[in-house]
Amino acid sequence: EKEILDWNVRYHRIKEIVLRADPDVITFQEMDHLEQFQNDKAFSAKYSCLVDDKKKYKPARYSDARKKDADKKDDLRPNNYLNHVINACTAFAPKSYSHARNFRGKLHKKPPHDLDDDGVAVFWRKEILHPIELGFLKFPSESEKSQAVLAVTLEHITTKERINVLTTHLPSGDETAKEQERLGVLKNPSAEWVARRIRFDKLWYEVDYEIKEGFDGIASYVKHFTDRKQIDSSTTIFALDANSRPSFPLKPNNVWKTILDSTKLQSVWVQSSYLTLDGKPVDQRYKYIASVNKMRGSSSDQPAKIGEHMLELIDHIFTNAKGSKICNEVKVNEEVAVSTAPLMYESKEGPAEVELYPSVTMPSDHCPVIVDVTL
């Protein structure tokens with residue numbers, strides 16, 4: 001079990017896969033060790049998530065809960081959240097009071113110095129790209145919890161081509177009510193939506209977004225960047241853990257259809273001929289096209305899901321690029337090749353039951369999605 005679940009072992013494998021894949025842009029979901037990646041010399045020599053090199057990322061501060069009104073001073077409270085992420089100048093949107101932080105904190109008698117919330121992050125190759133805009137759209141919240149969509153605009157140092165990279169993590173759950181909850185953050189005209197950004201022109205400064213009539217959620221935010229193509233020829237990439245499969249049975253629209261219809265982007269699964277536009281497998285031999293193949297064990301913090309076999313395609317990339325091609329594996333060394341999404345199975349029985357993740361070669365329960373995008 002230690003060879004699979006120990007964090008130091010997993011971290012080494014994640015880093016190894018990323019460096020061997022050699023991407024120009026990386027998006028992470030459920031990232032809760034941002035400082036470790038930043039402080040890793042081999043990784044940080046090549047990639048950055050800091051838009052201002054003069055800054056150094058530090059995890060959010062939480063107050064002493066024993067003090068009266070202490071939580072009002074927490075960095076990631078709803079009223080403080082956007083101030084914190086903007087001032088951090090880091091392409092990272094954490095979830096406040098996250099399960100990841102609480103779980104990791106309980107594993108140690110004394111909380112580790114880099115204890116952090118999980119969230120979504122974007123890294124880019126420093127030698128060819130530099131950031132010119134960083135923005136966040138905060139999810140509406142009726143509780144103390146906060147999270148956001150992260151948006152970074154990157155410019156190629158030589159060609160001056162621009163890429164808008166957005167990422168987020170939608171609520172989890174396979175029930176109809178959970179799909180409706182996900183739809184409620186994609187499009188909700190009655191909710192209060194707040195977004196802020198900073199831009200670079202000799203120095204970083206805050207500038208308001210252009211407010212468009214009919215803005216109603218994440219889909220509108222993504223569309224804001226898609227529409228830039230007419231202005232600056234930029235390409236938009238929206239990568240997310242949607243926690244929703246393309247065939248989720250909800251009428252008239254599920255998450256898959258809502259993103260496609262509202263943003264006018266295309267799925268890389270469709271561009272690469274794995275799925276049809278309505279989310280069905282192109283190759284009818286394979287009923288299951290997946291990015292996740294896992295079964296919750298007895299140590300899961302979600303007892304109701306122990307023993308449940310999840311074989312789903314819930315990790316998605318949407319783009320208005322000319323085309324895209326999926327990379328099917330990463331060769332870590334002469335003996336080991338790590339499979340990437342999509343996994344393809346005829347049924348849930350047989351090979352799918354044996355090839356569960358994480359494993360000794362795959363450090364996550366989500367397979368990496370690696371795509372060559374044609375700008």
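Biologist: Which residue in strand 7 stands opposite V152?

Modeller: V152 stands opposite V165. This is a predicted model, where local features need pLDDT of at least 70, side-chain atom pairs count only at pLDDT 80 or more, and totals for chains, interfaces and linings use all residues. Residues are numbered from 1 along each chain as its sequence is written, and side-chain values use heavy atoms, without hydrogens and water.

Biologist: What makes strand 6 and strand 7 (residues 162–169) a pair?

Modeller: Two strands (DSSP runs of E, at least two residues, numbered from the N terminus) pair if DSSP finds at least two bridges between them. Strand 6 and strand 7 have six bridges in the antiparallel sense, so they meet the definition. They form a hairpin with five residues between them, and K160 in the turn has a positive phi of about 70°.

Biologist: How many bridges join strand 5 (residues 129–138) to strand 6?

Modeller: Nine bridges join these antiparallel strands, and P131 stands opposite L154 in strand 6.

Biologist: Why is strand 6 (residues 148–156) called largely enclosed?

Modeller: Buried means under 20% relative accessible area, with a 1.4 Å probe and protein chains only. Eight of the nine residues of strand 6 are buried, so the rest of the structure largely encloses this strand.

Biologist: Which residues does I218 touch?

Modeller: Contact means heavy atoms within 4.5 Å. Not counting residues up to four places away in sequence, I218 touches L137, F139, V149, L170, V185, L186, W193 and F238.

How values were computed:
Buried means under 20% relative accessible area, exposed over 50%, partly exposed in between (1.4 Å probe, protein chains only). Helices (H or I, at least four residues) and strands (E, at least two) are DSSP runs, numbered from the N terminus.
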